[in-house]
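I opened my notebook to look up a few things in this structure.

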Amino acid sequence: MREPRFWSVDVDPHSREAAPLTRALLTPLSLAYAAITKRRIAKTKPFDAGIPVICIGNLTAGGVGKSPVVAALRKHLTTKTGQRISSLSRGYRGSKKGPLQVDPSIHTAAEIGDEPLMLASFGESWIGSDRAKAGAAMAEAGVQGIIMDDGHQNPTLHKDLSIVVVDAKARFGNGFVIPKGPLREPIAKGLSRADAVIVMGNGSVPSELEGFPRPILRARIQPKGPPPLGPLIAFAGIGRPEKLFDSLKDNGGDVRDAVPFPDHHTYRADDLKWLRQLAADHQAQLITTEKDYARLPEKDRNEIATYPIEALFEDTHKLDELALPLFAKT
């Protein structure tokens, strides 16, 4: 699904666009959602896998750049520590529940989810709908550290370090909990369990983080190379497709049209037929994200380019101060 417009931080809260009546009607559901999350966290005893677990989570629905942060942190800590460090994902929308280690040569996005498959293309990646069982299986298999992609609201696996990622532009949306807004839990509750915050992208630190007593790091998403030459038709089914479109344009891409799809969209034959016709009409090349590419049927990947990105931390010294002591103990 696409986020309702009234979830956005850019909407005047007093305008018709903010849908005040809709928000009022959704208030009881938001209160119930927040209460269920609070109760689940309070009543669950986390399982300790016996190896360091770093959770990269967020407080909102939608894309904030967690997966690139997971990939960058996994690579950084593997290099720094020389240990076997793997990412762990839920495997959202995948048919396999795990726990299992992802093998890009045999697994598909339909089986294990698009993000784990993407993460497995340049590092060790596991999935497990039951995070506690996955943590135990990974430790038994010899994994020495876990970078958990999402799961700040999942209390089943003990976390040694919880980092919340916040998009500098989208921030916390309208400040309300799902479905009244994009929040998975109230801001203060979520931040109270965070050991650090990463603010992604350009822009000032959100005002909601004023007084946050723990480290605030900055990072940004950067393309690994320039866009392809020539006319482009960009398409994406991610949390915020405009991130791809803006990045292509900002880095000199000749984007003739940009087509957004819902997050984690499963591309059907008619979607791809229409996209190819659109590209033919503009005499352009189709281009998408690595995450979307992972969801494309293998037979339909021909002549579709990807735009690889990576997360870059502005201050790796702060990051090392937070994370490296965990691995010194193992």
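A note for later: I count a polar contact when a pair of N or O atoms lies within 3.5 Å, where within protein one must be able to donate a hydrogen and the other to accept it. I also note that this is a predicted model.

**Entry 1: the chain.** I looked up the secondary structure and found 10 helices and 13 strands. The radius of gyration is 20 Å, close to the 20 Å that the globule rule gives for 330 residues, so the chain is as compact as a globular protein of that length. I read the span of the C-alpha trace along its principal axes as about 60 × 50 × 35 Å. Of the 330 residues, 49% are buried. I then checked contacts with a separation of 6 or more: 70% of them join residues 24 or more positions apart.

**Entry 2: Asp271.** I found Asp271 in helix α8, residues 269–282. Is Asp271 buried or exposed? Its relative accessible area is 9%, and buried means under 20%, so Asp271 is buried. Its side chain makes a polar contact with the side chain of His265, at 2.9 Å. A polar atom of that Asp271 side chain also lies 3.0 Å from the backbone nitrogen of Arg268. Leaving out residues up to four places away in sequence, Asp271 touches Phe261, His265 and Thr266.

**Entry 3: α2 and α10.** I looked up helix α2 (residues 66–81) and helix α10 (residues 316–328): their axes come within 11 Å and cross at roughly 65°. The crossing is right-handed. Among the residues that meet are Leu73 and Leu77 in α2, and Leu319 and Phe327 in α10. The contact residues divide into six nonpolar, three polar and two charged.

Note on methods:
Residues are numbered from 1 along each chain as its sequence is written. This is a predicted model: local features need pLDDT of at least 70, side-chain atom pairs count only at pLDDT 80 or more; totals for chains, interfaces and linings use all residues. Side-chain values use heavy atoms; hydrogens and water are left out. Axes are lines fitted to C-alpha atoms, for helices over the stretch in contact, and angles run from 0 to 180 degrees between N-to-C directions. Helices (H or I, at least four residues) and strands (E, at least two) are DSSP runs, numbered from the N terminus. A crossing is left-handed if the near helix is turned anticlockwise from the far one by less than a right angle, and right-handed if clockwise. Contact means heavy atoms within 4.5 Å. Ala, Val, Leu, Ile, Met, Phe, Trp, Tyr, Cys and Pro count as nonpolar, Asp, Glu, Lys and Arg as charged, and the others, Gly among them, as polar. Buried means under 20% relative accessible area, exposed over 50%, partly exposed in between (1.4 Å probe, protein chains only). The radius of gyration is taken over C-alpha atoms; the globule rule is 2.2 Å times the number of residues to the power 0.38.
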